Amino acid sequence: MRVSVLVVDQVFDSGLAAVLDVLRTADALRGELAAPPPAWKVRCVTPGGGAPVRTAAGHLVDAVPAAEAGPAELLVVPGLWRPRAEGLTAWVASAAAEPAVEAVLAARAQGARLAAACAGTFVLAEAGVLDGLQATTSWWLAPAFRKRYPRVELDETRMVVPTPRVTTAGAALAHLDLALALVRATSPALAELTSRYLILDSRPSQAGYAIPGHLARTDPLVDAFERRLRARLDEPLGIADVARELGVSERTLQRAVRAALGVTPIRLAQQIRLEQAVHLLRTTDLPLATVARRVGYENATTLATLLRRRLGTTPGLLRDRP
């Protein structure tokens with residue numbers, strides 16, 4: 001399989017390395033399988049006219065100009081170093097991003113499958129190849145992504161979202177999950193072998209890593225709602241009452257939270273309560289029932305059920321962590 005990894009100046013070093021290391025490890029391990037999949041031929045390409053490309057940490061990466069690389073079955077777009085969402089959206093809207101977007105469109109026209117992680121998902125979305133599809137991105141970039149690309153069905157709680165022709169993944173180190181998912185699409189047995197060699201655990205969700213307060217800062221009304229929730233976390237939540245306290249209608253509050261975060265106010269409150277519950281379980285010896293009451297749940301069973309369903313964990317696992 002011919003794989004092109006699209007690198008641009010300021011590419012995120014660990015993301016690029018993760019993709020290359022996983023795919024090349026998988027290729028090296030093929031011979032250990034009774035029925036190995038085709039070999040992986042991985043190379044870096046650049047949308048610019050020359051090489052090398054300078055990474056965010058200042059390292060130089062040799063890359064073939066995309067126009068000279070020839071067709072590939074798969075094009076992978078790693079993230080790039082943009083620590084603030086507004087800087088990333090400004091970049092994808094600028095002329096500087098046009099060569100990368102054109103390289104994505106050219107690869108799709110040649111029949112290549114596409115994949116991206118973290119900020120790289122913005123390049124795919126800017127090219128329009130995610131319109132009408134389910135996708136994910138880094139959880140902290142989700143509000144900016146949702147605002148700029150409303151035609152994409154974004155679910156930032158998922159670590160990897162595969163579709164028949166496009167695969168997207170979440171935050172920076174989700175490049176590992178993305179690369180392993182690409183191997184799995186070719187050979188589940190090879191993906192299992194590769195994950196064991198590299199000691200890569202399954203991480204299906206980003207939900208346990210997201211910081212609701214950080215996301216809420218993108219909108220003043222949502223920010224005020226989030227702060228009110230945290231101030232009285234152990235009290236029953238009445239959305240209409242909170243909306244009146246904030247001087248808006250319930251519908252306005254619902255719309256603002258949905259537009260900024262893609263969830264309802266009730267779901268945001270649940271995320272905040274679970275975040276605080278995780279913190280208390282990791283840092284205190286309080287009984288589970290006490291933790292549940294402190295975060296607004298009547299009993300320990302309700303909290304334990306939500307931890308399992310929403311975060312894929314249990315009170316015991318949280319307390320066993322070093």
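This report walks through the nonpolar core, the salt bridges and a charged surface patch of the structure above. The model is a predicted one.

Let us begin on the inside. The largest nonpolar core is built from 37 residues. Leu 6, Leu 88, Val 104, Leu 114, Leu 124, Leu 130 and Phe 145 have the most contacts inside this core. Several elements each supply at least two of the core residues, among them strand S6 (74-77), helix H3 (85-92) and strand S7 (113-117). Helix H4 gives the largest share, five residues.

Now for the charges. Side chains of opposite charge can pair when their charged atoms come close. In this model the count comes to eleven salt bridges. Here are three of them, with the distance between N and O atoms.

| Salt bridge | N to O distance |
|---|---|
| Arg 148 and Glu 126 | 2.9 Å |
| Arg 230 and Glu 226 | 2.2 Å |
| Glu 245 and Arg 228 | 3.5 Å |

Take Arg 148 and Glu 126, which form a salt bridge. This pair links distant parts of the chain, with Arg 148 in helix H6 and Glu 126 in helix H5, 22 residues apart. Arg 148 counts as partly exposed because its relative accessibility is 34%, and Glu 126 is partly exposed as well, at 27%.

Arg 230 and Glu 226 also meet in a salt bridge, but both lie in helix H10 (residues 220-231), four residues apart, or about one turn of the helix. Are these two partners buried or exposed? Arg 230 is partly exposed, at 32% relative accessibility, whereas Glu 226 is buried, at 0%. Both belong to a network of salt bridges that also includes Glu 275.

With a relative accessibility of 46%, Glu 245 is partly exposed, while Arg 228, at 12%, is buried.

Finally, look at the surface. Which residues gather there in a patch of positive charge? They are Arg 267, Arg 308, Arg 309 and Arg 310. Helix H15 (residues 300-311) gives the most to this patch, with three residues. Arg 267 lies in helix H13 (residues 265-283). Patch members need over 30% relative accessible area, and Arg 267, which is partly exposed, has 32%.

Definitions and conventions
Residues numbered from 1 in each chain as written. Predicted model: local features only at pLDDT ≥ 70, side-chain atom pairs only at ≥ 80, totals over all residues. Heavy atoms only, no water. Patch = residues over 30% accessible without salt bridge, like charges linked within 9 Å, V, L, I, M, F, W, Y side chains within 5 Å. Areas by Shrake-Rupley, 256 points an atom, 1.4 Å probe, with all protein chains shown as cover. Salt bridge = Lys/Arg side-chain N within 4 Å of Asp/Glu carboxyl O. Lys, Arg positive; Asp, Glu negative; His and termini not counted. Charge placed at Lys NZ, Arg CZ, Asp CG, Glu CD. Buried < 20%, exposed > 50% of the residue type's maximum accessible area, 1.4 Å probe, protein only. Core = buried A, V, L, I, M, F, W, Y, C linked by side-chain atoms within 4.5 Å.
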